[in-house]
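Hi,

Here is the structure I promised to pass on. Have a look through it first, and then read on for my notes.

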Amino acid sequence: SDLTKAIGGDADLPEGKVTFIVGPERRRFEHLSKNILCARSAHFNRQFRAGMAESTTTSAGGGAGSTAAEPEVDVPDADPEAFQCLLDYIATDKFTFGSGGGGSAAEARRAFLTMQLAHKHGMVRLELLCLQALEQGDLLSPASAVPLLEGACAAAGGDEGGGRLVTMCRAA
């Protein structure tokens with residue numbers, strides 16, 4: 001229903017495109033549709049309706065011959081791979097990990113970081129899907145449990161998902 005609003009011409013949704021510059025690597029996620037981001041995320045909806053105070057620069061948007069400016073939003077504290085997972089979920093309403101066998105510490109970390117981003121962006125369903133991937137999958141192992149436990153302890157201040165993750169890591 002969110003995407004139906006976005007493509008159905010809801011005049012109340014912000015229009016245009018935006019570029020995100022993510023993480024210390026400054027990875028660029030270009031030409032993203034504001035109306036779809038707003039329909040799928042309470043955080044983006046508030047951000048774009050408030051005039052995007054986070055926006056620091058602009059780039060030429062719209063391709064060859066275009067003179068329109070496209071806002072750029074710096075997101076220095078996010079992991080680019082987790083941000084890509086968030087964008088993939090926004091676009092497809094699906095969340096999956098890796099090859100489906102033998103979860104790695106990197107996959108567990110990506111699930112955890114995506115869960116944190118989902119929480120920050122008000123995407124409860126994605127947050128729960130990440131937590132389920134950690135609980136039900138084979139992502140938690142002795143190698144991945146300690147780094148996740150450290151991250152979960154840092155995130156557990158009032159975060160139910162972080163508290164559940166602490167318990168899961170202790171069990172692993």
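So, to start: what percentage of the 172 residues of the protein chain count as buried? The figure is 45%, where buried means under 20% relative accessible area, exposed means over 50%, and partly exposed is in between (1.4 Å probe, protein chains only).

Before the rest, some housekeeping. This is a predicted model, in which local features need pLDDT of at least 70 and side-chain atom pairs count only at pLDDT 80 or more, while totals for chains, interfaces and linings use all residues. Residues are numbered from 1 along each chain as its sequence is written, and side-chain values use heavy atoms, with hydrogens and water left out.

**Layout**

The protein chain has eight helices and four strands; these are DSSP runs numbered from the N terminus, with helices being H or I of at least four residues and strands being E of at least two. Reading from the N terminus, the order is α-β-β-α-α-β-β-α-α-α-α-α. As for contacts (heavy atoms within 4.5 Å), take those in the protein chain with a separation of 6 or more: 61% of them are between residues 24 or more positions apart.

**Salt bridges**

I count a salt bridge when a side-chain nitrogen of Lys or Arg is within 4 Å of a carboxyl oxygen of Asp or Glu. That rule gives seven salt bridges.

Arg-40 counts as buried at 13% relative accessibility, whereas Asp-93 is partly exposed at 32%.

Asp-93 also forms a salt bridge with Arg-125, with the closest N and O atoms 3.1 Å apart. Arg-125 lies in helix H6 (residues 124-136) and Asp-93 in the H4-H5 loop, so this pair ties together parts that are 32 residues apart in sequence. Arg-125 is partly exposed, at 46% relative accessibility.

Elsewhere, salt bridges with shared partners join Arg-28, Glu-30 and Glu-72 into one network.

Then there is Asp-79 with Arg-109, where the closest N and O atoms of the salt bridge are 3.5 Å apart. This pair also links distant parts of the chain, 30 residues apart, with Asp-79 in the loop between strand E4 (69-75) and H4, and Arg-109 in helix H5. Asp-79 counts as buried at 18% relative accessibility, while Arg-109 is partly exposed at 47%.

**H4 against H5**

Two packed helices are described by the angle between their axes and the distance between the axes. How do H4 and H5 pack? They pack at an angle of about 60°, with their axes 8 Å apart; the axes are lines fitted to C-alpha atoms, for helices over the stretch in contact, and angles run from 0 to 180 degrees between N-to-C directions. That makes H4 oblique to H5, given that angles under 35 degrees count as roughly parallel, over 145 as roughly antiparallel, 65 to 115 as roughly perpendicular and the rest as oblique. On the H4 side Glu-81, Ala-82, Phe-83, Cys-85 and Leu-86 meet Arg-110, Leu-113, Thr-114, Leu-117 and Ala-118 of H5.

**Cysteines**

Most residues other than glycine have a negative phi. Which residues are worth a look here? His-31 is not a glycine, yet has a positive phi of about 60°. His-31 lies in strand E2 (residues 27-33) and is partly exposed, with a relative accessible area of 38%.

Over to you!
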